[in-house]
Amino acid sequence: MSMVFTINDSPFFGQDGKFVTSRHIHDRLMKELEKNLALRVEPSTSDSSWTVFGRGVLHLSVLIETMRREGYELQVGQPQVIIKEIDGVKCEPVEQLTVNTPEECSGKIIEFVTVRKGEMTRMELVNDRVQLEFTIPSRGIMGMRTYVMNVSAGEAIMAHRFLEYQPYKGEMPTRINGSLIAMEAGTASAYALDKLQDRGRFFVEPQEDVYAGQVVGENSKEGDIVINVVKAKNLTNMRTKSADDKAVLPPAIKFSLEEALEYIKVDEYVEVTPHFMRIRKIILDELERKRANR
């Protein structure tokens, strides 16, 4: 896997970490190369970003987690598989995937893996659980753990390991749901989040600081939507039954670092600081994003 590491250039940069400059991050990556033999670092076209190659998402997320605990602030892009050309054929890494799941969930998991270009090699029934084995491209495994855990209510056990390079399997479906993007900087209000509940699920809670361009939730449909989560309730003298309804909000979704890396799209970054983890668009300004998409 490869991943882009870059300096934190969000509006909240420098508020949480001690080491925020490109020199700090470069020195830390060079220091890591001395002991982490499976890691490779290549500078990108700009001085403030690097392409880091590793064994997988877990290998790279351990490095990111170590850096954030040491006081570093950085941003990381979507993990990409390393494509090789073998005997003139475009090839990609393929992994062996093992899933142990309750019998009633096996159908949905098999269907999901098949859509991700996976092929079943073994299926064994043990008591009321099913042991499934697949060969699947590494691209297909990204984001799968969250789906498998949701479908099986946390009962499935999933493991995978690198098998070999095989010819490229073609295009693969990615996350369908779009993102809910904050329109302006400020503090998220319970009133605004309550009124926007039908738009999708939120990653932020009331009284949490947000900035324009930050991904604050997942859209229930396709496409990104820009929403105003900082809008406060108008304080008027009017007292009606509907005006004084209490805001009842479901708990915000909180990702682990590995889940966030698997969740983001190509045009998004995970902003990592010692105490916070946010998902944001690479281009924060809405008009600039529209120009870039054209």
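**Ring pairs and charges over rings in a predicted model**

The chain exposes about 16,400 Å², and carbon and sulfur atoms supply 51% of that area. Keep in mind that this is a predicted model.

Some overall figures, then. The chain has 294 residues, of which 42% count as buried. Along the principal axes, the C-alpha atoms fill a box of roughly 75 × 50 × 40 Å. Secondary structure comes to eight helices and 17 strands. If you take contacts between residues at least 6 apart in sequence, 71% of them join residues at least 24 apart. On charge, there are 39 positive and 44 negative, and their mean positions are 3 Å apart.

Now the rings. Searching the whole structure gives seven aromatic pairs. I will take one of them, phenylalanine 203 with tyrosine 263. The ring centres are 5.7 Å apart and the planes stand at 85 degrees, so this pair is edge-to-face. Where do the two residues lie? Phenylalanine 203 is in the loop between strand 12, residues 200-202, and strand 13, residues 209-210, while tyrosine 263 is in helix 7, residues 257-263. The pair therefore ties together parts that are 60 residues apart in sequence. Both phenylalanine 203 and tyrosine 263 are buried. Ring pairs also bring in Phe255, giving a cluster of Phe203, Phe255 and Tyr263.

Last, charges over rings. Arginine 40 has its charged end over the ring of phenylalanine 53, at 4.3 Å from the ring centre. Lysine 90 lies over the face of tyrosine 168, and there the distance to the ring centre is 4.2 Å.

How values were computed: Residues are numbered from 1 along each chain as its sequence is written. This is a predicted model: local features need pLDDT of at least 70, side-chain atom pairs count only at pLDDT 80 or more; totals for chains, interfaces and linings use all residues. Side-chain values use heavy atoms; hydrogens and water are left out. Rings of Phe, Tyr and Trp (its six-membered ring) pair if their centres lie within 6.5 Å; planes under 30 degrees apart count as stacked, over 60 as edge-to-face and the rest as tilted. Helices (H or I, at least four residues) and strands (E, at least two) are DSSP runs, numbered from the N terminus. Buried means under 20% relative accessible area, exposed over 50%, partly exposed in between (1.4 Å probe, protein chains only). A charge sits over a ring if NZ of Lys or CZ of Arg is within 6 Å of the ring centre and within 35 degrees of the ring normal. Contact means heavy atoms within 4.5 Å. Accessible areas come from the Shrake-Rupley method with a 1.4 Å probe; for residues, only the protein chains shown count as cover. Lys and Arg count as positive and Asp and Glu as negative; His and the chain ends are not counted. The place of a charge is taken as NZ of Lys, CZ of Arg, CG of Asp or CD of Glu.
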